[in-house]
Amino acid sequence: MDDTDTVPHFDLDLTQPDPIPASGIARAVELMESGRLFRYGETAPGTLGDAAQLEQRFAQMLGRKYAIAVNSCGAALFLALRSSGVRAGDQVLVNGYTLAPVPGAIDHAGATPVLVEVTENCTIDTTDLERRASESGAKALLLSHMRGHVSNMDEVVRVCNRYGITLIEDCAHTLGASWDGRASGTFGTAACFSLQTFKHINAGEGGIIVTDDDELAVRAILNSGSYMLYGQHAARPSEEAFEPLRGKVPNYSLRLSATAAAVALPQLDLLEERGKRMNASYQLLETLLKDVEGLRIMQRDPREGYIGSSFQFCLPEMEAADIGNFLATCLEHGLGIKWFGQERMEGFTSRPSQWEYVDERMLLSQTEALLSTLCDMRIPPAMTEHHCHQAAHIITHAIQSVRSATG
Ligand SMILES: *Cc1c(COP(=O)(O)O)cnc(C)c1O
C-alpha cells in the first residue's frame, strides 16, 4: 500500500528541549555575577533564596505543606525512603516497569526491591501488588508512574492501607497529572519529582520531595544537607519540629543549587501550556496509529488525567529480530524509537531482568513479556501536528515493511 518514496524524513530532534525562559536565564546570570550559587546564605536577611522560592511554589501548586529540593529525583526517592523510616534490610515494593534510578534508590537506602508486575497497559497490577504486599511484609511501596502512566490509585491506596505500607510516589513524569480529579503526588506519604532536562521542568538536574508529614519533612531537610541553615527554607515545619532531631539526622549533602532553582522557577508558569501541547500531540498520534495492524496502543482509564510527554506502543506479533528491523527502518527515516526489549541495556531503557543486583527469584514474567515488545517515543513540547503526521507515517510504513518481509 505504502509507497516508500513518499515516506517523509522526520524533521524534529526528539531530544530537543524548549529553551529556558529569558527571566530564568537573566536570574541565573545575576546569580553567577554575584557568585552566590549555593542555596544557603545567598540572600539578604528577610528575603527568600531561589531554592526556597521553588520549594514554596511547588508545595502550593500541589496543595502539600512541605517541599524539599535536592539534586535529582533519584536522590529525592532515596531521601523519601530514608526519611520515612526505611532502613537497611527492609523490603520495598516497586513496579517492574520503571527507570533504573528507582530500584537504584531502594538499593541506595540499603533496602531490597520487591518487584511487582504491571498490566498490559503499563500500570501497576494491583492483584499482584496485594499478593506481594501480604507475602513480603514490605514496609513501603515506591510506585513509579513510569512514562506518565497513572495507576488505579483507589486500589493502590486501599492495598497500602490494608497492609500498613507507606506509599511514596515517583512523579518524574506526572507533574500536572491526576487520578479521578486528584493531583498525582498527593496520594502517598511523600512524592518525588524530577527537574532533569527530559522531564516537565528542565533545570539540567534536580528533584523535589513533597509531603504533609512533619517528621518526614524535618528529616528530609536535614538529610538533604541543610546544616543548621534550615531556617532559610520556607515550605518547612516549625522550629519546634526540628529541635528534637538536631544532631540525630546525618547530612547526606544532596542539595539543589540556587542556579538550578532559578532556571526552574519561571518554568512553573509554563507547565499548563506545555502539558496541553504534549497532550495534543499524544492524542493525535493515538488517532493516527490506533487502527494500524500489528500495533497495540495503551488503553488509558478515563479517570487518568495524564501529561503525554511520551508515547508507548507494543508490537505484539513481532519477534525480536523483526522489532530490530522495525527500529532500523524508522531510523532510516530519521525517527529514533526506543525499545524496552533489547538484549542489552541501552541509553535510558532497561528492564528488571537487566538489573543484576536484584534477586532473580523476583523476576516478573508478565512484565518481561510486555517489555519485550514495548516501544517508546518521546513527545517534546516542540512537537507539532506536522511532526505527529510524519512520525505516524514512518511508524506505519516500518510496520508494514516488516510484515510484508516476514509474510
Ligand atoms: C527520570 C526518572 C527518574 C529519575 O530522575 P532523575 O532526576 O534523573 O534522578 C525516576 N523515575 C522516573 C520514572 C523517571 O523517568
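**Exercise 1. Are Phe58 and Phe193 buried or exposed, and how are their rings arranged?**

Step 1. Phe58 is buried, and so is Phe193. Buried means under 20% relative accessible area, exposed over 50%, partly exposed in between (1.4 Å probe, protein chains only). This is a predicted model: local features need pLDDT of at least 70, side-chain atom pairs count only at pLDDT 80 or more, and totals for chains, interfaces and linings use all residues. Residues are numbered from 1 along each chain as its sequence is written, and side-chain values use heavy atoms, with hydrogens and water left out.

Step 2. The structure holds 10 aromatic pairs. Rings of Phe, Tyr and Trp (its six-membered ring) pair if their centres lie within 6.5 Å; planes under 30 degrees apart count as stacked, over 60 as edge-to-face and the rest as tilted.

Step 3. The ring centres of Phe58 and Phe193 are 5.3 Å apart and the planes stand at 65°, so this pair is edge-to-face.

Step 4. Phe58 is in helix H2 (residues 50-62) and Phe193 in strand E8 (residues 190-194), 135 residues apart. Helices (H or I, at least four residues) and strands (E, at least two) are DSSP runs, numbered from the N terminus.

**Exercise 2. Describe the surroundings of Tyr306.**

Step 1. Tyr282 and Tyr306 form a tilted pair, 5.0 Å centre to centre with 55° between the planes. Both are buried.

Step 2. Ring pairs join Tyr282, Tyr306, Phe311, Phe313 and Phe326 into a cluster.

Step 3. The charged end of Arg300 sits over the Tyr306 ring, 4.0 Å from its centre. The criterion: NZ of Lys or CZ of Arg within 6 Å of the ring centre and within 35 degrees of the ring normal.
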